[in-house]
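Hello,

Here is the structure I am handing over to you. Please open it first, then read the notes below.

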Amino acid sequence: MSTRDNGQAVAILAGLGGVDNIEEIEPCTTRLRSLVRDPGLVDAAVLRAAGAHGVMVSGRVVQVVVGPQVDTLATDLAELM
């Protein structure tokens with residue numbers, strides 16, 4: 001497990017509705033693209049408070065714009081899941 005602070009990843013995971021709500025998640029340029037089971041559990045305010053620059057929900061696909069640190073966040077999320 002990583003020694004760096006993964007607090008942002010923990011907050012993003014909560015904003016996406018928790019581990020059980022996430023079917024898949026992957027980094028894409030400056031975004032985390034995820035497929036969730038229940039989009040109603042996604043909390044855009046929590047995601048923004050975690051540092052997201054934007055949140056887009058289309059059906060079960062959620063894109064969280066986080067910027068150039070997306071690969072680091074994706075790694076942290078994978079460790080938490």
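A crossing of two helices is left-handed if the near helix is turned anticlockwise from the far one by less than a right angle, and right-handed if clockwise. Helices (H or I, at least four residues) and strands (E, at least two) are DSSP runs, numbered from the N terminus. By that rule, the crossing of H1 and H3 is right-handed.

Some ground rules. This is a predicted model, where local features need pLDDT of at least 70, side-chain atom pairs count only at pLDDT 80 or more, and totals for chains, interfaces and linings use all residues. Residues are numbered from 1 along each chain as its sequence is written, and side-chain values use heavy atoms, with hydrogens and water left out.

**The helix pair**

H1 covers residues 7–15 and H3 covers residues 70–80. Their axes come within 9 Å and cross at roughly 70°. Axes are lines fitted to C-alpha atoms, for helices over the stretch in contact, with angles from 0 to 180 degrees between N-to-C directions. H1 and H3 are therefore roughly perpendicular, a label for angles of 65 to 115 degrees.

H1 brings Gln8, Ala9, Val10, Ile12 and Leu13 to the contact (heavy atoms within 4.5 Å). H3 brings Leu73, Asp76, Leu77 and Leu80. By class, that makes 7 nonpolar, 1 polar and 1 charged residues. Here Ala, Val, Leu, Ile, Met, Phe, Trp, Tyr, Cys and Pro are nonpolar, Asp, Glu, Lys and Arg are charged, and the others, Gly among them, are polar.

Take Ala9, in H1. Ala9 has 0% relative accessibility, so it counts as buried (under 20% relative accessible area, 1.4 Å probe, protein chains only). Beyond four places in sequence, Ala9 contacts Leu73, Asp76, Leu77 and Leu80.

**The core**

A nonpolar core is a set of buried Ala, Val, Leu, Ile, Met, Phe, Trp, Tyr and Cys residues joined through side-chain atoms within 4.5 Å. The largest one has 19 residues. Ile12, Leu16, Leu32, Leu47, Val62, Val64 and Val66 touch the most other members. Two or more residues each come from H1, strand S2 (31–36), strand S4 (61–65) and H3. H3 gives the largest share, 4 residues.

Leu47 touches Ile12, Gly15, Leu16, Val42, Ala52, Val55 and Val64, leaving out residues up to four places away in sequence.

Val36 sits in strand S2. Val36 is buried, at 0% relative accessible area. With residues up to four places away set aside, Val36 touches Leu16, Asn21, Glu23, Val42, Arg60 and Val62.

Best wishes

Technical notes:
Parallel < 35°, antiparallel > 145°, perpendicular 65-115°, else oblique. Buried < 20%, exposed > 50% of the residue type's maximum accessible area, 1.4 Å probe, protein only.
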